[in-house]
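Work through each task yourself before you read its solution.

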Amino acid sequence: MAVSAKRVIVGDPVDKHRQALALFLREKGLEVIEVPDGSRALAETLLRKPDVLLLDLAVPILGPERLVQILRSNPNTKEMPIIFFSDQERSITGFRPGVDQFIRRPFQEEEVLQRIQRILYQDHISEAVAGDSEISGNLSQFSIPD
């Protein structure tokens with residue numbers, strides 16, 4: 001059984017930051033797509049269907065608020081987890097506690113990897129639990145002996 005690498009989009013306007021994080025994640029076995037702005041993040045997300053989107057809140061062209069609004073309204077991307085990062089604390093419209101994450105800069109690359117793994121692991125468990133089960137459905141058909 002072949003296991004495909006999990007796909008991550010890294011959206012960051014600063015080339016040096018984006019490239020360093022992308023290199024680190026590639027070395028850890030993830031497939032990484034780098035984008036410098038929100039518009040490219042949207043295009044690549046719709047085209048490549050990543051497992052996680054890493055998004056710096058400073059992305060230009062299509063800002064993070066509008067990008068998230070578009071992704072949340074699309075049935076194919078509405079459940080995709082997003083890890084936001086920024087050098088300043090701020091509220092994010094569309095942020096979903098328990099699904100999305102926020103990391104303040106400067107951060108350790110290992111912390112980003114751990115957050116990605118936690119998100120991917122939760123999704124894996126959710127899929128396993130949510131699958132069809134022989135015991136789901138109408139249990140009234142079963143009788144309990146007296």
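**Exercise 1. Find the backbone nitrogen that the side chain of Asp12 reaches, then describe the surroundings of Asp12 in this predicted model.**

*Solution.* 
Step 1: Start at the side chain of Asp12 and look for the backbone nitrogen of Val14, which lies 2.9 Å away.
Step 2: Asp12 sits in the loop that links strand 1 (7–11) to helix 1 (15–27).
Step 3: Decide whether Asp12 is buried or exposed. Its relative accessibility is 1%, and buried means under 20%, so Asp12 is buried.
Step 4: List the partners from elsewhere in the sequence. Leaving out residues up to four places away, Asp12 touches His17, Arg18, Val35, Pro36, Asp56, Val59, Phe85 and Arg105.

**Exercise 2. Work out how many helices and strands the protein chain has, and in which pattern they follow along the sequence.**

*Solution.* 
Step 1: Count the elements: there are four helices and five strands.
Step 2: Walk along the sequence, and the pattern reads β-α-β-α-β-α-β-β-α.
Step 3: Look at how the chain comes together. Among contacts with a separation of 6 or more, 56% join residues 24 or more positions apart.
Step 4: The chain has 146 residues, and 38% of them count as buried.

**Exercise 3. Identify which residues of the largest nonpolar core touch the most other members.**

*Solution.* 
Step 1: This core has 19 residues, and the ones touching the most other members are Leu21, Leu25, Leu54 and Ile116.
Step 2: Trace where the core comes from. Two or more residues each are given by strand 1, helix 1, strand 3 (52–56), strand 4 (82–86) and helix 4 (109–130). Helix 4 gives the most, with five residues.
Step 3: Zoom in on Ile116. Not counting residues up to four places away in sequence, Ile116 touches Val8, Leu25, Leu30, Val52, Leu54 and Ile83.
Step 4: Now look for a separate core. A second one has 17 residues, including Ile9, Ile33, Ala41 and Leu55.

**Exercise 4. Sort out which residues of helix 2 are buried and what covers them.**

*Solution.* 
Step 1: Begin at the start of helix 2, where a side-chain oxygen of Asp37 comes to within 3.0 Å of the backbone nitrogen of Ser39.
Step 2: Pick out the buried residues of helix 2: Gly38, Ala41, Leu42, Glu44 and Thr45.
Step 3: Look at their cover, which includes strand 1, strand 2 (31–35), strand 3 and helix 3 (64–73).
Step 4: Compare with Leu46, which is also in helix 2 (residues 38–48). Leu46 has a relative accessible area of 39%, so it is partly exposed. Beyond its neighbours within four places in sequence, Leu46 is in contact with Asn74 and Thr77.

Key
Residues numbered from 1 in each chain as written. Predicted model: local features only at pLDDT ≥ 70, side-chain atom pairs only at ≥ 80, totals over all residues. Heavy atoms only, no water. Buried < 20%, exposed > 50% of the residue type's maximum accessible area, 1.4 Å probe, protein only. Polar contact = N/O pair within 3.5 Å; in protein donor to acceptor, adjacent residues only side chain to side chain. Contact = heavy atoms within 4.5 Å. Core = buried A, V, L, I, M, F, W, Y, C linked by side-chain atoms within 4.5 Å.
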